[in-house]
Amino acid sequence: MASPTVQRIAQQNDRCRRCDPSVPAMRFLTAGIIELLKRNSVDGDEIVRIVSEFNVFTEDNDPHGEHDFGTFEYLGETCFWKIDAYDNDYAMGSDDPTDLSRTKRVLTVMLAEEW
């Protein structure tokens with residue numbers, strides 16, 4: 001069973017993926033994802049939905065229990081999403097990712113080949 005700290009980080013990361021405004025975050029689609037969307041004449045709404053609804057966390061893709069990484073297939077491509085926790089200046093990693101007053105998250109969605 002995960003510690004209370006890890007459980008809180010996982011809950012905050014889940015809220016970040018669901019675009020909950022109470023979790024300070026920036027969200028990015030990489031150039032590869034944007035090109036995939038353009039090539040297929042689709043917008044990013046479906047990717048946002050896929051990432052926000054992701055719930056297949058296992059020991060293989062979530063060994064620390066923080067719900068900070070996921071993989072999915074989209075338009076024939078393997079895609080990843082990753083959440084990183086930074087200090088308020090986005091200068092370095094947060095020293096306490098559970099403290100939303102001192103932590104900002106970055107959610108990046110990318111093609112697997114961009115990793």
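Reader: How many aromatic pairs does the count come to?

Author: This is a predicted model, in which local features need pLDDT of at least 70, side-chain atom pairs count only at pLDDT 80 or more, and totals for chains, interfaces and linings use all residues. Residues are numbered from 1 along each chain as its sequence is written, and side-chain values use heavy atoms, with hydrogens and water left out. Rings of Phe, Tyr and Trp (its six-membered ring) pair if their centres lie within 6.5 Å; planes under 30 degrees apart count as stacked, over 60 as edge-to-face and the rest as tilted. By this rule the count of aromatic pairs is seven.

Reader: Is the pair of phenylalanine 54 and tryptophan 81 stacked or edge-to-face?

Author: The two rings lie 5.5 Å apart, centre to centre. Their planes are at 80°, and planes over 60 degrees apart are edge-to-face. The pair is therefore edge-to-face.

Reader: In which strand is tryptophan 81?

Author: Helices (H or I, at least four residues) and strands (E, at least two) are DSSP runs, numbered from the N terminus. Phenylalanine 54 sits in the loop between helix 3 (45-53) and strand 2 (69-74).

Reader: Is tryptophan 115 buried or exposed?

Author: Tryptophan 115 pairs with phenylalanine 80: the ring centres are 5.9 Å apart and the planes are at 85°, so this pair is edge-to-face. Buried means under 20% relative accessible area, exposed over 50%, and partly exposed in between (1.4 Å probe, protein chains only). At 17%, phenylalanine 80 is buried. Tryptophan 115 has 60%, so this residue is exposed.

Reader: How many residues has the largest nonpolar core?

Author: A nonpolar core is a set of buried Ala, Val, Leu, Ile, Met, Phe, Trp, Tyr and Cys residues joined through side-chain atoms within 4.5 Å. Among the residues with the most contacts inside the largest one are Ile47, Phe72 and Trp81. The number of residues in this core is 17.

Reader: Which residues of helix 3 are buried?

Author: Contact means heavy atoms within 4.5 Å. Isoleucine 47 is in contact with Leu29, Ile33, Leu37, Phe72, Tyr74 and Val109, leaving aside neighbours within four places in sequence. The buried residues of helix 3 pack against elements that include helix 1, helix 2 (31-39) and strand 4. They are Ile47, Ile50, Val51 and Ser52.

Reader: Which side chain makes a polar contact with the side chain of threonine 103?

Author: Threonine 103 is in the loop between strand 3 and strand 4, and with a relative accessible area of 0% it is buried. A polar contact is a pair of N or O atoms within 3.5 Å; within protein, one must be able to donate a hydrogen and the other to accept it, and residues adjacent in sequence count only if both atoms are side-chain atoms. At 2.6 Å, the side-chain partner of threonine 103 is serine 94.

Reader: Which residues does aspartate 20 touch, not counting residues up to four places away in sequence?

Author: Aspartate 20 lies in the loop between helix 1 (4-17) and strand 1 (25-29). Its relative accessibility is 24%, so it counts as partly exposed. With the residues up to four places away left out, aspartate 20 touches Arg15 and Arg27.

Reader: What pattern does the chain follow along the sequence?

Author: The chain holds three helices and four strands. Read along the sequence, their pattern is α-β-α-α-β-β-β.
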